[in-house]
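Please open the structure in your viewer and keep the sequence panel beside it.

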Amino acid sequence: MTLTASVHRPEADDATAAGAGAGPGAEPLAAGARPDDRGDRTRDADGLAVASFVLGLVGLLVMNVLLGPAAIVMAVLALVRSTSRRGRALLGLALGIADLVVLAFLVAGNGVVAWNFGG
């Protein structure tokens, strides 16, 4: 029978706690931040990118006065938070701007902020 003793190395624990064991090129964590905080932040930014795309797309058809600016704000927030879905955020930004352009044409043509499908 062999007994083994564990050896505690405090310098290894300090390096891991500081984020040095996260791999090459990893950014150090902010004070008080948990290692999974960056994943949550990226996931939130990805959600904003998708939401801006969907709101911009729907805003082309209905309620462009509300959905266009909302799509623009969400796309900018997603881009500022470094989303991994950068293309979708840029599409959301473009669609939000297109919503406002459609609104401008409708106001110029009808004189009111309203859709008119009839002749």
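Is Ala-78 buried or exposed? The model in the viewer is a predicted one. Select Ala-78, which lies in helix 3. Its relative accessible area is 0%, and Ala-78 is therefore buried, as residues under 20% are counted.

**Around Ala-78**

Keep Ala-78 selected and display what surrounds it. Leaving aside residues up to four places away in sequence, Ala-78 touches Ala-45, Leu-48, Ala-49, Thr-83 and Ala-89. Ser-52 and Ala-78 are 26 residues apart along the chain, and their C-alpha atoms are separated by 8.7 Å.

**The whole chain**

Now zoom out and colour by secondary structure. The protein has four helices and zero strands, and its pattern along the sequence reads α-α-α-α. Helix 2 spans residues 37-59 and helix 3 spans residues 64-80, while helix 4 covers 86-110.

Of the 119 residues, 18% count as buried. The accessible surface amounts to about 8300 Å², and carbon and sulfur atoms account for 65% of that area. Considering contacts between residues at least 6 apart in sequence, 61% join residues at least 24 apart.

**The loop between helix 2 and helix 3**

Select Leu-60, which is placed in the loop between helix 2 and helix 3. Leu-60 has a relative accessible area of 25% and is partly exposed. Draw a distance from Leu-60 to Ala-98: the C-alpha atoms are 7.4 Å apart in space, whereas the residues are 38 apart in sequence.

Move on to Met-63, which belongs to the loop between helix 2 and helix 3 as well. Met-63 is partly exposed, at 48% relative accessibility. Phi of Met-63, however, is positive, near 50 degrees.

**Into helix 3**

Select Asn-64, a residue of helix 3. Asn-64 counts as buried because its relative accessibility is 3%. Gly-96 is 32 residues from Asn-64 in sequence, and the two C-alpha atoms are 8.2 Å apart.

**A nonpolar surface patch**

Switch to a surface view and select Val-54, Val-58, Leu-61, Val-62, Met-63, Val-65 and Leu-66. These residues make a nonpolar surface patch of about 630 Å². Helix 2 and helix 3 are the elements that give two or more residues to the patch.

**The loop between helix 3 and helix 4**

Select Ser-82, found in the loop between helix 3 and helix 4. Ser-82 is exposed, its relative accessible area being 54%. Phi of Ser-82 lies near 60 degrees, a positive value in a residue other than glycine.

As for aromatic pairs, a search of the whole structure finds zero.

Notes: Residues are numbered from 1 along each chain as its sequence is written. This is a predicted model: local features need pLDDT of at least 70, side-chain atom pairs count only at pLDDT 80 or more; totals for chains, interfaces and linings use all residues. Side-chain values use heavy atoms; hydrogens and water are left out. Patches are made of residues with over 30% relative accessible area and no salt bridge: like charges are joined within 9 Å, nonpolar side chains (Val, Leu, Ile, Met, Phe, Trp, Tyr) within 5 Å. Accessible areas come from the Shrake-Rupley method with a 1.4 Å probe; for residues, only the protein chains shown count as cover. A salt bridge is a side-chain nitrogen of Lys or Arg within 4 Å of a carboxyl oxygen of Asp or Glu. Rings of Phe, Tyr and Trp (its six-membered ring) pair if their centres lie within 6.5 Å; planes under 30 degrees apart count as stacked, over 60 as edge-to-face and the rest as tilted. Buried means under 20% relative accessible area, exposed over 50%, partly exposed in between (1.4 Å probe, protein chains only). Contact means heavy atoms within 4.5 Å.
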